[in-house]
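Subject: Structure handover

Hello,

Here is the structure you are taking over. Please open it first, then read my notes below.

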Amino acid sequence: MTRRYRRWSLSLLTLGVVMPICPQSSLAATPPLAATSPSAVSEKERGRPKKKAPRPAHPLPAIEGKESISVSGKRLRNHGAEVAVTRAVMERFIPGTNPMQILAQSLPGANFTSSDAFGLDTAANTFYVRGFTQTQIGASLDGMPLGTQGFTNQNGVSITQAMIQDDLQGMTLSQGAGSLDTFSAQLLGAAMSYVSSDPSDKAGGRVSQSFGSYNAFRTYVRADSGTLNPSGTKFYTSFARTESKLWKGEGYQRELQADAKLIQPVGRHGKLTGFFGFGNFTQANYLSLTKNMWERMGRDTTYLKPDYEKAKLWAYYAQYTSDVPPGYEGILSNDEIGNYAWDGSQIQRSYLSSVTGHFDLSEHLHSDTIAYGNISSGVYGGTNNFVTSPSYGVPQLLADGTVSGVPMALQRAHADMRRLGFTQKLSYEAPHHNLIEGGLWYENNRWVYDARLYEDTPEAAHNMMSDLRKGTGHTWFENTYNTNTFQFFLQDRWTIIKGMTLLAGFKSLTQTTHGGTKNDYTQQLKDEGWNAYYRRPARGSLTASGAFLPHFSFDYHFLDHHEVYWDIAENLRAYDYYSQTTSGTAWGGLGNAAQPAQQVFDASKKTLRPERTWNYVVGYRYDAKFFTGTIDYYHTDYYNRLASITEGTANNTRNAYMNVGRETMDGVDILGAIRPVKGLEITNSFSWNDARYQGTGINYGGKLYSLKGKSQVYYPAYMYKANLAYLWRGTRFNFNVNYIASRPMTFLNDIRLPPYWLANATIAHDFGRIGFAEHFKASFGITNLFDTNYIGGVYGAASLSGDNNSNLFVGSPRQFIGTINAQF
């Protein structure tokens, strides 16, 4: 843990600046901490040198139990554009809620949508921070790089699978230009840092049990060893299981998780920490839709399971005709009929481990080293309506309206990822109130993605979670990628005068990826009667590199309650990779049978450049006992804006991965909170974002289109959030409501998703000591309180125009979840 974190935790206590989502009374509800007195602040931070006490282990443990969101403040290590969410704030939400969902419901400028109440569905999750998605935001856990937070784990692991949410001590979000010391090859404009809780000094444990709609239940158990010996050894282990039936269609969602953390002090000036996290996520997927499918077929439309005869009939119409089944003329297109398959599912397993060493090398020099490993595997896919199981002949439409043969098959992608890496950070407290920090990160990642086909039979389809191991089935293609990443940063944080801090620094990033298609067996499958189609094999290497990416920030606290700050940085994002068929990457979805993908890749390699951004943020914050207000203005300039454009069905996609020119983004976030009486806080926030493409012409499909002035796809121009929090004795009530404006769903903005309101409410009571439980609590939560029917998450590339791309997910309906938990 770097010197930065020590001062971060102290300043959160001493500042008393509270972001408006937390009631002022919640601070008063807990006894004052000794560190809030002036004596708790180091003389060094006030500008006078003094010998230091040992540093706390994490940035947030000192504020455990404080129900607040604290902003970066008056001390040396704080940034005005960063906010920190504590454990107590996270406990306002339903246990197990995705941390990104908590951030989105708490802060302006952030938006999270999913298809389930817990926010676990990685395929349907969409998270934005000021125009940047979760695949463009840096993420770390205790300093470990987590990679992209998107659907699959090709270069990292989602926070929901890296560790159990209950074991997070807190999290910080840099909404500005990101952070130099966040190691990420995806960061374009924001950074999320998660901090795990430490084992308790006292032996004990926690148990939590939730029950809810659609047979949902969640069990969480944790055991803390307490301090085991005079050297300070301590550890904890924990387990969680979350499960529910799908709210529409057949199947279930299940996540199994386990965590363990060990801390071993090394004398007075060092510490070793070991961490292990396991996640196993299994889910029957929700069907992704076009806007027309949602509007004409309703919220509950999904996969065709359990009607197997209908599934075969619709697959026949999609694969062998250009018509639609009787009764659907004028309602669905032939492409949309092809989207309705028998089923789809995913299995994701991840193992994450690390060893961290913190050592005070001298009074002023401190070292933090992390060595980590991450192994994950996944099985993705479902029914493919555009291939034929060959053992039963060429399908025919019979007179009775049924189909002979099997015009479909199970397609499964078997994926494996192995990451090995280390980070090293040094911080030096230099004279004249300078804190100099530097660090480097190296990681090697191997990603394997193999697609296989398995026959269905005339009488029955496959089981959703069939145990289809490697080496079985008929291989369609095999992909392998190997990536090496190196990043270095150096920064100086100078306290000019008391309360005024200037940061200047830079980072260097280089990432090289070798790989692509290893083998492609499309022709062999055609010869065997699978009716396979072109799968766009391509192979080669790409390097994204930026030698000097500067970052500057300024933070000034004055007149006790006032703060002004600005943040400027240049960021670079490395190229994505996944598979030869997936749009949105330099290796995927290229060409067609007439123009081979390899030829397109070789030509693109000469012109593609990695995305870069310049981000500018300026803000003002006022904080007092009864009122808190903030206003931020931000501007972003995109360069080499890469966009994937796709339309059509699985066997007839028309894809492009190209530079669409520049994009500019301007936005304002305004937040205000009043605390009129003890225990009550009312918060309102408003966000405006104007993100527009500036490209004057792109050549797509042989035609020239202009995106000049078109709004960024899938991002709302306006968001409004209101939150009411009330704490009275042992009872806590929380109500929040969000408004999301309409979103363009095509690059030409000819079709938009409608706006919606979304509300949630929770109530909890702490009964105190009951029997052997030190704290016994009960809570009840309602998600989507008014049962809004809305499009939430979006996965995959957008269309150039028209409603012909099925990548929309309906948000989950109203659900009720109750929880009881006890601490021993």
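First, a term you will need: helices (H or I, at least four residues) and strands (E, at least two) are DSSP runs, numbered from the N terminus. This is a predicted model, where local features need pLDDT of at least 70, side-chain atom pairs count only at pLDDT 80 or more, and totals for chains, interfaces and linings use all residues. Residues are numbered from 1 along each chain as its sequence is written, and side-chain values use heavy atoms, with hydrogens and water left out.

Start with H432. This residue sits in the loop between strand 19 (409-430) and strand 20 (434-455). Is H432 buried or exposed? Here the cut-offs matter: buried means under 20% relative accessible area, exposed over 50%, and partly exposed in between (1.4 Å probe, protein chains only). H432 counts as exposed because its relative accessibility is 66%.

Now look at N784. It is not a glycine either, yet it has a positive phi of about 50°. You will find N784 in the loop between strand 38 (775-783) and strand 39 (791-794). N784 has 2% relative accessibility, so it counts as buried.

One peptide bond also deserves a look. From K305 to P306 the bond is cis, with omega near 20°. P306 belongs to the loop between helix 6 (291-297) and helix 7 (308-320).

Strand 13 (residues 252-265) contains Q257. Strand 13 and strand 14 form a hairpin, with 4 residues between them. G267, in the turn, has a positive phi of about 65°. Two strands pair if DSSP finds at least two bridges between them. Strands 13 and 14 run antiparallel and are joined by 13 bridges.

Strand 14 (residues 270-284) is mostly covered, with 12 of its 15 residues buried. Strand 14 also runs antiparallel to strand 15 (residues 344-360), through 15 bridges. There, K271 stands opposite H358 of strand 15.

Back to Q257. It counts as buried because its relative accessibility is 4%. What does its side chain meet? A polar contact is a pair of N or O atoms within 3.5 Å; within protein, one must be able to donate a hydrogen and the other to accept it, and residues adjacent in sequence count only if both atoms are side-chain atoms. A polar atom of the Q257 side chain lies 2.7 Å from the backbone oxygen of T160. The backbone oxygen of M163 lies 3.3 Å from a polar atom of that Q257 side chain.

**Packing**

Helix 10 (residues 597-605) has these buried residues: A597, V600, F601 and S604. They cover an arc of only 100° around the axis, which puts them on the same side of helix 10. That arc is taken from the directions from the helix axis to the C-beta atoms. The buried residues pack against strand 23 (539-558). Contact here means heavy atoms within 4.5 Å.

A nonpolar core is a set of buried Ala, Val, Leu, Ile, Met, Phe, Trp, Tyr and Cys residues joined through side-chain atoms within 4.5 Å. Which members of the largest core, with its 98 residues, touch the most others? They are W314, W447, W476, W587, Y714 and F747. Helix 7 gives the largest share of this core, 8 residues. Apart from it lies another core of 46 residues, among them A104, F127, M144 and Y634.

**Salt bridges**

A salt bridge is a side-chain nitrogen of Lys or Arg within 4 Å of a carboxyl oxygen of Asp or Glu. By this rule there are 24. One of them joins D201 and K234, at 2.7 Å from N to O. D201 is in the loop between strand 9 (191-196) and strand 10 (204-212), and K234 is in strand 12 (residues 234-245), 33 residues apart. D201 is exposed at 55% relative accessibility, whereas K234 is buried at 12%.

Another pairs R299 with D787, with the closest N and O atoms 3.2 Å apart. R299 lies in the loop between helix 6 and helix 7 and D787 in the loop between strand 38 and strand 39, so the pair ties together parts 488 residues apart in sequence.

Best wishes
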